[in-house]
Amino acid sequence: MGLLEAIWTDIQLLAFPALFNIYFAASSLPIGFGLAVLLALGKNSRNPVVSRLSSAYIYAFRGSPLFIQFFMFYSIMLALNPIWWRPMGIAWFAMSPLFIGPLALVMNTTAYTAEIFYGALRTVPKGELEAARAFGMSRLQVFRTVTWPNMIRVAWPAYTNEVTFLFHATALVYFTLPVIGNQKDIMNKATELFERDFNVFLHFSVAGLYFLVITMAIFFVFGLVYARMMRHMPKERQPHRPRLRFGPKYIR
Amino acid sequence: MVPILELRNVHKSFGALEVLKGVTLEAMRGDVVTLIGSSGSGKSTLLRCINMLEIPTQGAVAIDGEEIALSPEGPDRHPLDSHQLRHIRSELGMVFQQFNLWSHMTILENVMEAPLKVQKRKPEEVRTQAQELLEKVGIGDKADAFPAQLSGGQQQRAAIARALCINPKIMLFDEPTSALDPELEVEVLGVIKMLADEGRTMILVTHDMKFAREVSDKVVFLHLGKIEEEGTVDEVFGATKSDRLRQFLGAAGHA
């Protein structure tokens with residue numbers, strides 16, 4: 001079997017597992033995004049109780065390794081299984097890695113994203129907020145008109161980074177949670193293939209390739225959104241429009 | 001006749017620092033009142049007390065006979081009725097020193113935002129008025145530009161159009177030309193002069209004595225948080241009574 005064929009076989013074998021990584025990221029990111037907005041506003045709140053609780057949450061989840069958080073969540077869910085999940089008849093759902101995985105990822109990405117949003121929140125121009133208040137806008141209107149668009153624009157590059165980190169972190173899910181049947185993600189499957197022929201280079205390269213390609217797509221989409229957010233900026237501050245193009249220059 | 005604006009014994013403290021020490025002031029419909037005074041005299045703070053961007057620690061503010069409801073006097077004083085406050089604010093057009101246009105919205109969107117969102121008016125009607133106002137202040141061709149693409153003078157004129165579009169009972173100007181170089185200042189002052197000539201009610205904080213002479217019906221000189229002298233242009237500039245004001249005008253080069 002030639003090298004190209006071997007690579008092609010691996011690409012095919014890893015296509016289905018890749019869906020699990022995509023599922024873990026796609027299910028946790030939107031929820032984490034929404035919660036992070038609330039948590040960032042909480043940390044920025046003038047109410048000391050709300051602010052401290054939010055800070056404490058963010059600190060706890062940013063301060064400990066995600067790997068450990070996975071173990072913690074799994075142990076907690078396992079301990080609660082005989083007293084809650086089984087009697088309630090939802091053990092099949094609550095104990096599934098397809099639930100616990102996103103749960104841990106949501107808790108984690110919420111903390112990181114909230115910190116990004118909190119930092120961005122503090123850069124919202126005071127004068128623009130004041131103008132909105134002076135025109136009689138309610139707090140919600142001020143948020144929608146001024147706070148949100150400024151905050152999300154400033155936060156976007158850092159948030160893009162968090163999204164890619166989170167996507168890569170999905171490789172940790174099945175290192176900590178039980179693998180059920182053929183529910184295997186890229187890393188799992190690559191390990192399984194490796195254990196058959198000990199070809200580290202081939203299988204993990206193809207696994208890496210999957211992450212590279214999907215990350216590239218993330219950068220592309222997020223870059224398009226960013227270009228749209230920055231359209232009101234002076235030309236010299238605008239980002240280059242992202243391109244999805246493979247264009248090696250053979251002849252110069 | 002009910003005064004369109006009434007300030008009664010307004011005090012404002014920031015911690016231990018007392019910026020306003022009891023200011024009482026009235027303006028009738030169509031008046032152009034300019035607040036002058038050196039930096040730190042409290043004139044900007046006084047203007048910001050009118051629409052409660054600063055809450056007076058003591059005293060009362062009434063717009064067109066309606067007093068803004070505030071909690072009992074003290075450092076934590078706050079508006080009691082947010083609905084009333086928003087309604088009153090939506091009738092006061094404010095123009096800031098730093099323009100404070102919403103940077104991510106086009107000029108037209110800036111002008112239309114408050115009429116649509118706060119006053120809930122019809123988009124077609126607001127759009128027509130916004131376009132007219134932009135023409136009026138001389139930037140009709142900039143409707144689809146973003147604030148960062150405009151000069152300071154153009155931005156300030158857009159900010160004036162934004163304030164006008166809510167059909168305000170009173171226009172509040174907080175040093176509208178202080179962030180502009182002299183060339184751009186002229187175009188903004190021209191617009192404000194035009195509004196004064198139309199008979200709009202305006203309260204104007206300015207450092208420009210020449211301009212204050214030109215537009216004012218009433219000039220108020222603030223010193224250390226109190227009204228030191230007030231009157232018509234002729235009274236204040238022509239027959240100055242207080243030494244403080246004479247000194248101030250002398251320093252400003254207009255004695």
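Among contacts in chain A between residues at least 6 apart in sequence, 71% link residues that are at least 24 apart. The model is predicted. Chain A contains 10 helices and 0 strands, and its elements, taken from the N terminus, follow the order α-α-α-α-α-α-α-α-α-α. The C-alpha trace of chain A extends over about 70 × 70 × 25 Å along its principal axes. Of its 252 residues, 33% count as buried.

Within chain A, helix H1 (residues 3–43) packs on helix H9 (residues 186–197) at an angle of about 145°, the two axes lying 7 Å apart. On the side of H1(A), the residues in contact are A:Asp10, A:Leu13, A:Leu14, A:Pro17, A:Ala18 and A:Asn21. They meet A:Ile186, A:Asn188, A:Lys189, A:Ala190 and A:Leu193 of H9(A). Sorted by class, this contact comprises 7 nonpolar, 2 polar and 2 charged residues.

The phi angle of A:Phe198 is near 55°, a positive value in a residue other than glycine. A:Phe198 has 9 other C-beta atoms within 10 Å and is therefore exposed, the limit for this class being 12 or fewer. Elsewhere in chain A, A:Arg52 belongs to helix H2 (residues 48–63). For A:Arg52 the count within 10 Å is 13 other C-beta atoms, so this residue is partly exposed. A:Arg52 and A:Val173 are 121 residues apart along the chain, and their C-alpha atoms are separated by 30 Å.

The largest nonpolar core holds 123 residues. Those that touch the most other members are A:Phe117, B:Leu35, B:Leu134, B:Ala161, B:Leu172 and B:Ile203, a list that includes residues of chain A and of chain B. Helix H5 (residues 97–121) of chain A makes the greatest contribution to this core, with 14 residues. When neighbours within four places in sequence are left aside, A:Phe117 is in contact with A:Ala36, A:Val37, A:Ala40, A:Met151 and A:Ala155. In soluble globular proteins, nonpolar side chains tend to be buried together.

Between the chains, 20 residues of chain B are in contact with 18 residues of chain A. On the side of chain B, the elements that supply two or more residues are helix H2 (82–89) and helix H3 (107–117). By class, this side of chain B has 9 nonpolar, 7 polar and 4 charged residues.

Helix H3 of chain B also packs within its own chain. The axes of H3(B) and helix H4 (residues 123–136) of chain B come within 9 Å and cross at roughly 130°; H3(B) and H4(B) are therefore oblique to each other. The crossing of H3(B) with H4(B) is right-handed. From H3(B), the contact involves B:Ile107, B:Leu108, B:Val111, B:Met112, B:Pro115 and B:Leu116. The partners in H4(B) are B:Pro123, B:Val126, B:Arg127, B:Ala130, B:Leu133 and B:Leu134. In this contact, 11 residues are nonpolar, no residues are polar and 1 is charged.

The buried residues of H3(B) are B:Ile107, B:Asn110, B:Val111, B:Met112, B:Glu113, B:Ala114 and B:Pro115. The buried residues of this helix pack against helix H7 (139–169) of chain A, as well as against H4 and helix H5 (152–164) of chain B.

Two further positions in chain B concern local features. B:Asn9, in strand S1 (residues 5–14) of chain B, has a positive phi of about 50° although it is not a glycine. B:Asn9 counts as partly exposed because 13 C-beta neighbours lie inside 10 Å. B:Gly190 is located in helix H6 (residues 182–197) of chain B. B:Gly190 has 13 C-beta neighbours inside 10 Å and so counts as partly exposed. The C-alpha atoms of B:Gly190 and B:Val137 are separated by 9.1 Å, the two residues being 53 residues apart along the chain.

Terms used. Residues are numbered from 1 along each chain as its sequence is written. Chains are lettered from A and ligands numbered from 1 in the order in which they are written. This is a predicted model: local features need pLDDT of at least 70, side-chain atom pairs count only at pLDDT 80 or more; totals for chains, interfaces and linings use all residues. Axes are lines fitted to C-alpha atoms, for helices over the stretch in contact, and angles run from 0 to 180 degrees between N-to-C directions. Helices (H or I, at least four residues) and strands (E, at least two) are DSSP runs, numbered from the N terminus. Two residues are in contact if their C-beta atoms, placed from the backbone, lie within 7 Å. Ala, Val, Leu, Ile, Met, Phe, Trp, Tyr, Cys and Pro count as nonpolar, Asp, Glu, Lys and Arg as charged, and the others, Gly among them, as polar. Angles under 35 degrees count as roughly parallel, over 145 as roughly antiparallel, 65 to 115 as roughly perpendicular and the rest as oblique. A crossing is left-handed if the near helix is turned anticlockwise from the far one by less than a right angle, and right-handed if clockwise. A nonpolar core is a set of buried Ala, Val, Leu, Ile, Met, Phe, Trp, Tyr and Cys residues joined through C-beta atoms within 7 Å. A residue is buried if 20 or more other C-beta atoms lie within 10 Å of its own, exposed if 12 or fewer, and partly exposed in between; C-beta atoms are placed from the backbone.
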